[in-house]
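I opened the model to look up a few side chains and a few helix pairs. My notes follow in the order I made them.

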Amino acid sequence: MAEALMQDQALPAAAHKDMANAIRALAMDAVQKADSGHPGMPMGMADVATVLFTRFLKFDAAHPEWPDRDRFVLSAGHGSMLLYALLYLTGYPEMSIEEIKRFRQLHSRTAGHPEYGHAPGIETTTGPLGQGLGNAVGMALAERLLNQRYGDDIVSHYTYCLAGDGCLMEGISQEAISLAGHLKLGRLIVLFDDNHISIDGPTSLSTSDDQLERFRASHWHTAAVDGHDPEAVALAIENARSVTDRPSIIACRTVIGYGAPKKAGTAATHGSPLGAEEIEGARERLGWSHEAFEVPKPILASWRVTGARHRAKYEAWVKAANRLDPAARAHLTDPIDVGVGQGIVRAIEAIKADFMAEGAKLATRQSSQKVLEKLMPVVPGLIGGSADLTGSNGTLTKLHQIVKPGDFAGNYIHYGVREHAMAAAMNGLVLHGGIVPYGGTFLVFSDYCRPSIRLSALMGQRVIYVMTHDSIGLGEDGPTHEPVEQLAALRAMPNLNVMRPADSVECAECWELALLAKGTPTILALTRQGLPLLRTAPSGENLSAKGAYVLVEPEGRRDVTLIGTGSEVSVAVAAAKMLQGEGIKAAVVSMPCWELFAAQDASYRNSVLGTAPKVGVEAAVEFGWQQWLGPKGAFVGMRGFGASAPAEALYKHFGITPEAVAAAARDLVVKS
């Protein structure tokens, strides 16, 4: 049908007004049919979106994965029908009128908020306000990084982000706009739906910020236009595209629910169907006399022409890309192909051998840094960074080069004290394609990153969070910086691998697993304090890959099994030696990743855990441990917040010692 529409020379080009009203009508109709949704924003921003898609946005609906397409991010994800209408109208595959009719229904491609992977053209999952803005910063940064590596013929595009009042109220917005302004991301353009309405009513109820002054303070180019004047909008976008040393924001003054006779300009259009009477009045006011979900052929044809208007640019890009080395071309979308993956495995084997040969006592944050030095030459798409904790996190190596404002030749980003924006930007970096991002902060500050970590997991994206200072082992900084509940909270999140390596060898293995887990983000929980090397003999395999394994197996039948993670595995090993001297046969299980262990079959899990009584030891709260210990198991760990003192003193104070583990084991053995 799309080709027939585009080839029908008898169909005249539709007017801007009619094309914009097609968006409005589809939004009204879909929300009404679903009896749920947000019609106001799509109706208000329809003019702006029509100008953007028909005059500026570089895309080819028939080739939605084109690496050099412009990115369009709907940060105000509640207005999802704006995006779905555009995808249908421009002819994206899989976005049919039937999907529009199935808006917000189970298994439809048109979820209440846009979900990455549900349909081509949805660049990211949005809904939690401000996240899309942070993603857009990451996408714009990715474009500049890859442009530096591939050149203008291969990577040269814009990132457009539609954000609302709510997006700009969220704290993440300040972090994101500050970072973008600092880095001079001139190909990032934010279209601000300045409709002065929030859910509660007028935005004046809760904010009086001058948003443009705020953006100017962060070194953005700013403009304000009537969002219902297509020529003014077009001029503002054209001007923004000409600014190369600053990101841009265009405040588009709009009327929410534009066209609705009684509800336009009010909160009533934000998150509820308009109702049959109001829709009838809107159709009359807009001059749209067509039935529900009907888009006249001339209007649809004009939209389909829009969807193919950059076909020649796409074909020219394909020719240019075909001149690249095949591996370089593949790395535009997947930086870890089979060859790179094999290189990662070899590099990890080499560093494990080095660790075993040296036998050094290292903090796993130091081990991680050494692993990164081996990985950097193997994974060119690996882009690192830290939220102002570079030295503490060990995320920078001698092979890194710093990304600077306007200079994107580097591969390490100083995110500043912006943990939330760092995490959201890393989502944008990986979604763009061509990059595997990792970023560091303290584990306790995973709370600042959590909304973005959740979206990494929901979208199934390979983002690596290097979270150091993972327990009371950080010592003197005290309970404000000592994570006790964070491990449990992160483990509760679906599709997130939380890895807590026990020594340098496990740390290397966890890096391998994180890099090869294409559909899952990873938390690397690493220590500040030094840990003894526990794995001293080559195994020929990645023992951490199954999540847990038997590190110490006594001769004969076990009397007790000691299970530890991270820094407490060495505590368990010391306890097992104490028990051995008393004639108690204790096995030690290292469990670097609960999630991977839970994914193993019952036979393997049972072989590791055994049937003997179990003691778990971890410098964190007990929550979740019962699934491994059973109802009669014992736990040695934290019962509350930490304290300020040297690490060794804290472990003794809180009773996380070999003696305490051995005592718990004795009690279980006696009871059994």
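With which side chain does the side chain of R500 make a polar contact? I found that the partner is the side chain of E568, at 2.6 Å. I note here that the model is a predicted one.

**Entry 1: R500**

I placed R500 in the loop that runs between β12 (497-499) and α21 (504-516). Is R500 buried or exposed? Its relative accessibility is 0%, and buried means under 20%, so I put R500 down as buried. I then listed what R500 is in contact with, leaving aside its neighbours within four places in sequence. The list includes D470, S471, L487, E506 and A525. It also includes T565, G566, S567, E568, P592 and E618.

**Entry 2: H228**

Next I looked up H228, which lies in the loop between β6 (221-226) and α10 (230-242). Which polar partners does the side chain of H228 have? I found a polar contact with the side chain of D47, at 3.0 Å. I also found the backbone nitrogen of V255 at 2.9 Å from a polar atom of the H228 side chain. Not counting residues up to four places away in sequence, H228 touches R24, G44, D47, R253, T254, V255 and Y258. I checked M45 as well: H228 and M45 are 183 residues apart along the chain, and their C-alpha atoms are separated by 8.0 Å.

**Entry 3: α15 and α16**

I turned to helix α15 (residues 338-358) and helix α16 (residues 364-375). Their axes come within 9 Å and cross at roughly 135°. I therefore recorded α15 and α16 as oblique to each other. The crossing of α15 and α16 is right-handed. On the α15 side, I344, A347, I348, I351, D354 and F355 take part in the contact. On the α16 side, I wrote down S367, K370, V371, K374 and L375. By class, the residues of this contact are seven nonpolar, one polar and three charged.

**Entry 4: α16 and α21**

How do α16 and α21 cross? Their axes come within 9 Å, and the angle is roughly 50°. I therefore recorded α16 and α21 as oblique to each other. α16 passes α21 in a right-handed crossing. From α16, the contact is made by T364, S367, S368, V371, L372 and L375. From α21, S504, C507, A508, W511 and L515 make the contact. I sorted the residues of the contact of α16 with α21 by class and got seven nonpolar, four polar and no charged residues.

Technical notes: Residues are numbered from 1 along each chain as its sequence is written. This is a predicted model: local features need pLDDT of at least 70, side-chain atom pairs count only at pLDDT 80 or more; totals for chains, interfaces and linings use all residues. Side-chain values use heavy atoms; hydrogens and water are left out. Axes are lines fitted to C-alpha atoms, for helices over the stretch in contact, and angles run from 0 to 180 degrees between N-to-C directions. Helices (H or I, at least four residues) and strands (E, at least two) are DSSP runs, numbered from the N terminus. Angles under 35 degrees count as roughly parallel, over 145 as roughly antiparallel, 65 to 115 as roughly perpendicular and the rest as oblique. A crossing is left-handed if the near helix is turned anticlockwise from the far one by less than a right angle, and right-handed if clockwise. Contact means heavy atoms within 4.5 Å. Ala, Val, Leu, Ile, Met, Phe, Trp, Tyr, Cys and Pro count as nonpolar, Asp, Glu, Lys and Arg as charged, and the others, Gly among them, as polar. Buried means under 20% relative accessible area, exposed over 50%, partly exposed in between (1.4 Å probe, protein chains only). A polar contact is a pair of N or O atoms within 3.5 Å; within protein, one must be able to donate a hydrogen and the other to accept it, and residues adjacent in sequence count only if both atoms are side-chain atoms.
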